[in-house]
Structures are given as structure tokens and as C-alpha cells.
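Here is a short note to read beside the model. Please keep the 3D view open and find each residue as you go.

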Amino acid sequence: MNNKSKMNSSISLDLDNQWAYMQVHGDKGWEKYPSYLNKFLPHVLEMLDKYKLKITFFIVGKDADDPKNLDVMKEITNSGHEVGNHSYNHEAMFNSYSKEEILDELNRTEEAIEKVTGLLPQGFRGPGFTRSKTLFEVLKEKNYLYDASTLPTWIGPLARWYYFRQSDLTKEEMKTREGLFGSFSEGLKSIKPFLWKLDNNEQLLEIPVSTIPVFKLPFHFSYLHYLAGASVSLMKAYLQTAITMCKITNTEPSFLLHPLDLIGGDLVPELDFFPGMDLSTAYKTELFDIVMEKFTSNFNLLNMSEHAKLIMQRKETLPIKIHN
Ligand SMILES: [Zn+2]
């Protein structure tokens with residue numbers, strides 16, 4: 001399977017459930033923890049199978065603990081995928097938690113995930129990319145292999161101008177797409193894997209979600225989707241730029257998927273308020289095919305732990321950073 005001439009890339013999926021999206025949107029009813037996992041998981045497992053991909057699912061503890069999800073959740077590890085810890089309650093305030101609160105979140109999630117899938121997580125991703133030094137200390141204490149809670153990007157007027165200049169959009173079309181790139185503020189973070197410097201001379205591996213080297217523009221699937229809304233050829237050109245830049249700068253990407261990248265409003269009508277949910281599951285599947293064909297032909301796709309272990313073989317070469 002492994003092709004030595006290809007660069008490695010990891011691939012993961014944050015298994016955010018219906019209630020988590022409803023909570024962010026302020027929708028009543030999220031407290032009952034409505035779940036789409038029985039519809040989403042069979043669909044995504046089939047798609048991953050098609051490309052013989054074995055990826056990492058970052059699972060929310062609350063969902064692994066919910067009896068209605070158990071049967072479908074078992075299929076994640078039955079199909080050969082890996083599990084990661086995505087916190088217990090998926091709380092936006094996670095970065096302000098005390099050591100005790102973090103330990104409680106991690107332990108409960110591990111217990112629930114192991115009970116349902118038979119595997120223990122070896123990596124962590126914070127809800128909404130939240131993180132803290134206390135979190136890293138706890139992960140290290142618990143022998144986690146890596147953290148994956150950073151998304152290093154800045155995008156704003158300059159990025160928009162750059163990509164519009166390359167596109168065939170008319171002035172009017174540009175005007176209607178002014179919000180295309182949103183706003184982010186994490187542009188000073190490293191794109192390549194690095195080590196967090198911890199107390200007592202300890203270190204923890206960080207594998208950032210990849211953005212385009214140098215430009216630091218995101219290219220995780222939700223973002224590609226957004227571009228495809230403007231034009232599928234724009235999305236393809238953008239993805240090609242991302243891949244080329246990874247190769248030029250010798251950056252092994254870590255690619256991120258979200259459930260709403262792969263399912264449309266036809267499968268989950270309750271989330272039709274969400275951007276992109278007016279699109280059908282079939283259309284999203286077609287886009288996924290385009291992206292995955294590009295990825296599989298350019299990279300050896302690994303799960304997060306496999307990637308982490310390979311990165312740690314060159315530990316001495318990794319930059320060391322301090323979290324502030
Ligand atoms: Zn999440």
C-alpha cells in the first residue's frame with residue numbers, strides 16, 4: 001500500500017453530532033442530544049471504504065455514552081478506523097477548564113469510547129480548536145501520543161484579493177462573495193508538526209490541522225466545500241495549490257473532515273439552517289470523490305497515530321514551542 005515516492009498525510013474526522021451544531025446555533029432541543037450518527041456513520045464508513053482509507057474519528061464522550069449510538073459507533077473500529085478523544089461535553093469553554101475538569105472530561109470520554117469500540121484514544125482534539133497548557137500537561141501525564149487542536153490560519157482581505165485575482169469572477173460576483181474567506185486569527189502558529197514545551201522538560205507532539213503552507217489558508221473539507229459553492233473548478237485549482245505548496249515546502253498535511261461535509265439536508269433536515277445544508281448528500285459525495293481522488297494520488301494517507309509515530313522518529317528535527 002505504502003508508496004515511498006509519495007509524501008505522508010494524516011486524515012481525521014471530528015464526529016460532531018447534531019446536538020453540537022444545534023447548541024452552537026442556539027436551537028432549543030439540543031439538551032435532548034438528538035443524534036444523526038445512525039444515518040451519518042454508515043454513509044461515511046462506506047465512502048472511506050471506497051478509497052480503502054483508515055482514518056481517525058475524534059469522538060465526543062457524551063455520544064459514546066448514549067445507548068442510541070452504540071450499535072453504529074461499534075462499526076468505526078470494526079471497519080478498522082482509529083478513535084481519538086474530542087472531550088466529553090464538546091464545550092466551547094474547554095480552554096478555561098481546571099486540571100481536574102480536564103482530567104474528568106478525558107477520563108469519562110476514554111471510558112465511554114473504550115466500552116463501545118474496544119479501543120482507547122491516543123490523541124486529542126479540543127472542541128472548536130480550544131486548548132491550554134494545562135490540557136497539554138494532562139495529555140502528557142496520561143501518555144497521549146499527540147494533540148491536534150491547532151488550526152494555523154489567517155485569512156482576510158489580502159487572501160480574498162489574491163484568490164479573486166486568480167479567478168474569473170466578475171466585479172459583481174466578487175461583491176456577492178465578499179464574505180467568502182471569513183475571518184481567522186491564528187496565523188502565527190506553525191503549520192508543520194512541532195513539540196509543545198511543558199514543565200519538567202517534558203514535550204508533547206502537536207499535529208496542526210493543515211492550512212496551505214506560506215499562505216496559511218485553510219483547505220480542510222468544509223472550506224473546499226465553501227469554494228465549490230462558488231465554482232467547482234475554483235475548488236479544484238485551490239486544492240491543487242494547497243497540494244503543490246505542501247510538496248514545495250515539504251509539509252506533510254493533516255487533513256480534517258466534518259460530518260456536514262458529507263451529508264446534506266436530505267439526510268438531516270433538522271440542520272437545514274446550517275451553511276451548505278441546502279446541498280444534497282449525493283452532491284457532497286461527488287465533491288468528496290474529487291477531493292479524495294486528488295489526495296490518494298498525491299499522498300500516503302494514514303490515521304493520526306500512525307502519522308504521529310512516524311513524525312516522532314524525527315523528533316530531534318521538530319521545532320519546540322511555548323504555549324501562551
Ligand atoms: Zn468538534
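1. This is a predicted model. A search of the whole structure turns up 10 salt bridges. Side chains of opposite charge can pair when their charged atoms come close.

2. Start with Lys 50 and Asp 289. They form a salt bridge, with the closest N and O atoms 3.0 Å apart. Lys 50 sits in helix α2 and Asp 289 in helix α12, so the pair links distant parts of the chain, 239 residues apart. Lys 50 is exposed, at 52% relative accessible area. Asp 289 is buried, at 18%.

3. Now look at the two helices themselves. The axes of α2 (residues 37–50) and α12 (residues 281–298) come within 12 Å and cross at roughly 30°. The two helices are therefore roughly parallel. Their crossing is right-handed. From α2, His 43, Met 47, Leu 48 and Lys 50 meet Thr 281, Thr 285, Phe 288 and Asp 289 of α12. The contact residues divide into 3 nonpolar, 3 polar and 2 charged.

4. Which residue pairs with Glu 110 in a salt bridge? The partner is Lys 142, at 3.3 Å from N to O. Glu 110 lies in helix α5 and Lys 142 in the loop between α6 and β5, so the bridge ties together parts 32 residues apart in sequence. Glu 110 is buried, at 13%. Lys 142 is partly exposed, at 25%.

5. Finally, Glu 137 and Lys 133 form a salt bridge (3.9 Å, N to O). They are 4 residues apart in helix α6, about one helical turn. Salt bridges with shared partners join Lys 133, Glu 137 and Asp 199 into one network.

Definitions and conventions: Residues numbered from 1 in each chain as written. Predicted model: local features only at pLDDT ≥ 70, side-chain atom pairs only at ≥ 80, totals over all residues. Heavy atoms only, no water. Axes fitted to C-alpha atoms, helices over the stretch in contact; angles between N-to-C directions. Parallel < 35°, antiparallel > 145°, perpendicular 65-115°, else oblique. Left-handed = near helix turned anticlockwise from the far one by under 90°. Contact = heavy atoms within 4.5 Å. Nonpolar A, V, L, I, M, F, W, Y, C, P; charged D, E, K, R; others polar. Salt bridge = Lys/Arg side-chain N within 4 Å of Asp/Glu carboxyl O. Buried < 20%, exposed > 50% of the residue type's maximum accessible area, 1.4 Å probe, protein only.
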